[in-house]
Amino acid sequence: MDVDFLAFGISALSFWSFFLFGSLPILRGRDYDCLNWVSFRMNFKVERDVAYGAAMAICIPIGSCKLFCRAVDLKLQGCKRAQWDASIAFKSCLQDAFSRSYGLSKFSRVRRSKTSSPTINEKWRTPTTVTSACLSDGSTKYFDFIVIGSGVAGLRYALEVAKHGSVAVITKAEPHESNTNYAQGGVSAVLCPSDSVESHVQDTIVAGAHLCDEETVRVVCTEGPDRIKELIAMGASFDHGEDGNLHLAREGGHSHRRIVHAADMTGREIERALLEAVVRDPNIFVFEHHFAIDLLTSEDGSDIVCVGVDTLNAETLEVTRFISKVTLLASGGAGHMYPSTTNPLVATGDGIAMSHRAQAVISNMEFVQFHPTALADEGLPVRPDKPRENAFLITEAVRGDGGILYNLGMERFMPLYDERAELAPRDVVARSIDDQLKKRNEKYVLLDISHKPRENILSHFPNIAAECLKHGLDITCQPIPVVPAAHYICGGVRAGLQGETNVRGLYVAGEVACTGLHGANRLASNSLLEALVFARRAVEPSVDHMKSSSFDSRILNKWARPFVPVSLGNDFMSRIISMTNDIRKQLQLIMWKYVGIVRSTTRLETAEQKISKLEATWEEYLFHQGWEPTMVALEVCEMRNLFCCAKLVVSSAITRQESRGLHYTIDFPHLEESKRLPTIIFPCSPIKSTWSSRQLHWQPV
C-alpha cells in the first residue's frame with residue numbers, strides 16, 4: 001500500500017473524527033505497518049442530541065473502497081447541532097430570491113397515474129422561472145427547504161416545513177413512484193390495549209440482532225401511534241374490523257397484532273393521502289422527473305455545509321440548480337444493485353451515493369434485506385410476457401395470517417430452521433428458503449394460504465390475488481410460487497434523533513437514513529413507521545436552521561455546472577447508454593453471486609476485485625468515447641450511484657467478521673458479542689478516487 005496515501009487516510013480519519021466527535025489519537029511511525037488491524041479505545045464527551053454508543057469505524061477514501069482503519073469501541077456521542085456562521089454575508093439578491101419563492105406564479109397541469117393504483121387527479125404546481133437581478137437564465141431556483149424524494153418521509157416533512165417557508169419537492173419520476181407506493185403490509189404501531197411499547201421495542205431489538213440503538217427504538221415505538229393518528233386525520237383510510245376499531249394484522253417477528261393496513265396496498269393509500277394534502281398546500285412545489293445529480297457543498301472552517309442540489313430534468317434534458325439552506329434527503333434505497341428486487345426502478349441508491357460523495361458519514365451498509373417472498377414468475381401457470389422491472393412482492397402479512405411455506409415436494413420446512421416457523425424474522429426465513437433451493441436444486445418454494453376462508457383471503461390480499469389470477473393462479477386454492485429478492489437496505493446516511501447528519505443543513509429520513517432503528521435486520525412494517533417519525537422529528541431543527549443561517553452567494557460561481565452532451569449527437573449517447581446498461585447488468589450479477597444472502601470472505605473479496613475492474617472498464621470506455629467529467633445522463637448518473645453503493649456494501653461486509661442479522665458469512669457463522677458494533681464509514685479525500693465517487697462539481701472550474 002502506498003505509504004503517502006495511507007498517511008493521508010490517517011490524517012483524514014483524524015480530521016473527520018475530530019470534526020464529528022471531538023478528538024482522536026494520532027497513529028505514528030510503525031503504527032502504519034499494522035494499521036488495518038489496529039484497535040484503540042477513544043472516549044469523547046461532545047455536545048450531541050443523540051448517543052450512538054460503540055462503533056466499528058472504517059475510513060474509506062471516496063470511491064476506492066480500501067480499508068484504512070478499524071476503530072473498535074469508539075464512543076460516539078452524536079453530531080454537533082448545526083449552526084451557520086452569522087458572519088457570512090447573505091447577499092441581497094439571494095434574500096430577494098428566497099422571499100420571492102413564496103409568491104411565485106404557478107401554472108397547473110393534470111397528472112394521471114400510470115400504474116394500476118387509483119387515479120390521483122392532482123394538479124402539480126410548478127414554479128415559473130425565478131426572476132432576479134442576479135439571475136438571467138432561470139437555471140437556478142431558490143427555496144427555503146428542498147426535499148429530495150416523494151415517498152412518505154419526504155411528503156410528510158414537506159407538509160410540516162411548508163408552514164414556515166417555500167418547499168421544493170424534487171422527485172425522480174412521477175410523485176407516486178416511490179418505495180412507499182409499493183409497500184403492501186402496513187405500518188406497525190402499538191394501538192391495542194393488550195400490546196405495549198415495551199413489547200414493540202423488544203421485538204424490534206430481537207429482529208435487529210441486538211444491533212439497534214435502543215434510544216432510537218424507544219423514540220420510534222413511543223411516537224408511532226401519534227403519527228398514525230395524524231395520517232388518519234389527513235384522510236388516510238385503513239381497514240377496520242367488525243367492531244369498528246382498526247384491524248390490526250400480525251407479521252413475522254411481531255409478538256402482537258399491531259400492523260395498521262389498507263388491505264395489501266397500505267403504502268399506496270398513505271401516498272394518496274399525502275399527495276392530496278401536498279396539492280392543497282400553496283407553499284409546496286413539486287418538480288417531477290428531476291434526477292438529483294449531486295448535493296452542493298462548501299466548507300465553512302472545518303465544517304461541510306450543504307446548500308442545495310444539481311438536478312437533471314429527464315424529460316427536457318435541462319440541468320437545474322436548486323439552492324436552499326435546508327435539504328432533506330428522502331430518496332429511498334438501492335435495491336437495483338441486484339438483478340431481482342421489489343423496489344421500483346428509481347431505487348438506485350442515489351441519496352446514499354450523493355451523501356457519501358458529499359462527505360457524509362455512512363453506516364451499516366452490509367445489512368441488505370432480501371424479502372423472502374417475492375412472486376416467482378417461473379412458477380406461474382402463465383408467465384409474464386416480458387421480465388418485470390421490479391419483482392412483485394408477496395407481503396409478510398400472508399405468513400402472518402397463517403401462510404405456510406413448502407418446498408416443491410410439499411414438505412413444510414420452516415420448523416426445521418426456527419421454532420417461530422413462518423413467523424420468524426425475514427433474515428431467518430430468507431436464509432431458510434435459500435438453503436432449501438440450494439439443497440434441492442430448485443428455483444422457488446411455495447407459500448400456501450389456501451386453507452384460509454376464501455372471503456378472508458380476497459378481502460385481506462386483493463392486490464396479490466388479482467396479480468396472481470392474471471397469470472392463471474388462484475391463491476384461494478393454489479400455493480403461490482415465491483423466491484427471495486432484494487428489498488431494503490438497513491444501512492445508509494448516519495443520522496441523529498432529529499434526522500441530522502454531520503453535513504450541516506443536510507437531514508435524512510426514510511430508507512436512505514441509518515437511524516439505528518433497524519440494527520442488523522428490519523422488523524416487518526417498521527420502515528413506514530420510521531419514515532413518519534423521523535420526517536416529523538426533523539422539522540424543528542430544520543426550521544431553526546433555516547431561520548438562523550446565512551448564505552454566501554459567492555460560492556455559486558465556484559461549482560462547475562453539469563451539462564448534457566446533446567451537441568455530440570444521438571449516436572454518441574446511444575453507445576454510452578448501451579455500454580452503461582450492459583455494465584449495470586454485470587454489476588447486478590456480481591452482487592447477487594458474491595454479495596447475496598449467504599456470503600464468504602473469498603466471495604466478498606472476489607466481488608471487490610470484480611467491481612473495481614468493472615468500474616475501471618466503464619470509466620475508461622466513457623472517457624475514451626469523449627465523455628467529460630461534468631457531463632450527465634440519467635443512465636450514467638444512476639450507474640455512478642450503483643457503483644458507489646455496491647462498493648460501500650462490499651467494504652462493510654468484509655469488515656464485519658461475524659454473522660449478524662442480514663449479514664451471514666460461512667467463514668464467521670456465529671454472533672460475536674465483542675463485534676456487536678455498528679459499521680461506520682468515514683469519508684476521506686476524493687483526490688485518488690474514481691470519477692463515479694466524486695462530486696461532479698469537485699472538478700476545478
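Leaving aside neighbours within four places in sequence, Gly 241 is in contact with Leu 246 and His 247, contact being defined as heavy atoms within 4.5 Å. The structure is a predicted model, in which local features need pLDDT of at least 70 and side-chain atom pairs count only at pLDDT 80 or more, whereas totals for chains, interfaces and linings use all residues. Residues are numbered from 1 along each chain as its sequence is written, and side-chain values use heavy atoms, with hydrogens and water left out. Gly 241 is placed in the loop between helix 6 (214-233) and strand 8 (248-249); helices (H or I, at least four residues) and strands (E, at least two) are DSSP runs, numbered from the N terminus. With a relative accessible area of 25%, Gly 241 is partly exposed, a class lying between buried (under 20% relative accessible area) and exposed (over 50%), as computed with a 1.4 Å probe on protein chains only.

The pLDDT, which is the predictor's confidence in each residue on a scale from 0 to 100, averages 81 over the protein chain, and 77% of the residues score at least 70. Over residues 1-54 the pLDDT is below 50, and this stretch has 123 contacts in the model beyond near neighbours in sequence. The pLDDT is likewise below 50 over residues 59-137, for which 253 contacts beyond near neighbours in sequence are found in the model. Where pLDDT is low, the predicted coordinates should not be read in detail.

Helix 7 comprises 15 residues (residues 266-280) and should span 21 Å at 1.5 Å a residue; the distance of 22 Å between its end C-alpha atoms agrees with this. The expected span is 1.5 Å times one less than the number of residues. Helix 7 is mostly covered, with twelve of its 15 residues buried. Among them are Thr 266, Gly 267, Ile 270, Leu 274 and Val 278, together with the charged residues Arg 268 and Glu 269.

Eleven aromatic pairs are present in the structure, where rings of Phe, Tyr and Trp (its six-membered ring) pair if their centres lie within 6.5 Å. Phe 143, Phe 285, Phe 287 and Phe 322 are linked by ring pairs into a cluster. Arg 522 lies over the face of Tyr 488, at 4.3 Å from the ring centre, and the charged end of Arg 640 sits over the ring of Trp 691, 5.2 Å from its centre. Such a placement requires NZ of Lys or CZ of Arg within 6 Å of the ring centre and within 35 degrees of the ring normal.

Zero disulfides, defined as pairs of cysteine sulfur atoms within 2.5 Å, are found in a search of the whole structure. Cys 221 is in no disulfide, and the nearest cysteine sulfur, that of Cys 212, is 9.3 Å away. Cys 221 is buried, with a relative accessible area of 1%.

Notes
Rings of Phe, Tyr and Trp (its six-membered ring) pair if their centres lie within 6.5 Å; planes under 30 degrees apart count as stacked, over 60 as edge-to-face and the rest as tilted.
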